[in-house]
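Trainee: Could we go through this model together? I would like to know what stands behind each term we use.
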Amino acid sequence: MAIALTRDVSPEIVDCELTFLERSRIDPVKARLQHTAYRNALSELGLTNVNLPSSAGQPDAVFVEDPAVVLDEVAVVARLGARSRQAEAEEFSSVIGSYRPLRRIQAPGTLEGGDVLRIGKTLYVGLSSWTSRSG
């Protein structure tokens, strides 16, 4: 059974981290509608959707690909580079831990799952303002 973990869009999404674009107005209602369409598409593809509620004080938590890199054998819990996001990884690991054994990125390393690309059994990790070489 294939599972997709998703998280509701926070009303605080307007305060999300942003480093690569100029900030423009985010419409939380539109974001929630788009996210619902995304979850529906996952279901139509045959995935079982496990949806988590939004988390207060975590405007970026909807981006569930960031706090962990989930592989067939193990999940690597990230140490997110943005201080505003560091609590996300620990909270999300409690969910991931029920599906996979966990490994963790240790300080001073930082890693954001969105900087990781998996092709087959090879992982490509990009360096960014959120992912360090030691991560």
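Mentor: Gladly, and let us start with burial: a residue is buried under 20% relative accessible area, exposed over 50% and partly exposed in between, with a 1.4 Å probe and protein chains only. Keep in mind that this is a predicted model, where local features need pLDDT of at least 70 and side-chain atom pairs count only at pLDDT 80 or more, while totals for chains, interfaces and linings use all residues. Residues are numbered from 1 along each chain as its sequence is written, and side-chain values use heavy atoms, with hydrogens and water left out.

Trainee: Why is alanine 78 called buried?

Mentor: Its relative accessibility is 6%, and the limit is under 20%, so alanine 78 counts as buried.

Trainee: Which residues is alanine 78 in contact with, leaving aside neighbours within four places in sequence?

Mentor: Contact means heavy atoms within 4.5 Å. By that rule alanine 78 touches Asp66, Pro67, Ala68, Ala89, Ile105 and Leu111.

Trainee: What makes the largest nonpolar core a core?

Mentor: The term stands for a set of buried Ala, Val, Leu, Ile, Met, Phe, Trp, Tyr and Cys residues joined through side-chain atoms within 4.5 Å. Here the largest such set has 11 residues, among them Ala78, Ala89, Ile105 and Leu111. Another core, of eight residues, lies apart from it and includes Val64, Phe92, Val95 and Ile96. In soluble globular proteins, nonpolar side chains tend to be buried together.

Trainee: Where does alanine 78 lie?

Mentor: Alanine 78 is in the loop between E4 and H2. Helices (H or I, at least four residues) and strands (E, at least two) are DSSP runs, numbered from the N terminus.

Trainee: What is the strand order in the open sheet?

Mentor: The order is E3-E4-E5, with mixed pairing. Strands E3 (68–70) and E5 (102–104) are the edges, since each pairs on one side only. Helix H2 (residues 86–96) packs on this sheet, touching E3, E4 and E5, and its direction makes about 160° with that of E5. Such angles run from 0 to 180 degrees between N-to-C directions, with axes fitted to C-alpha atoms, for helices over the stretch in contact.

Trainee: How many bridges join E6 and E7?

Mentor: Four, in the antiparallel sense. E6 and E7 form a hairpin with two residues between them, and glycine 120 in the turn has a positive phi of about 65°.

Definitions and conventions: Pairing = 2+ DSSP bridges.
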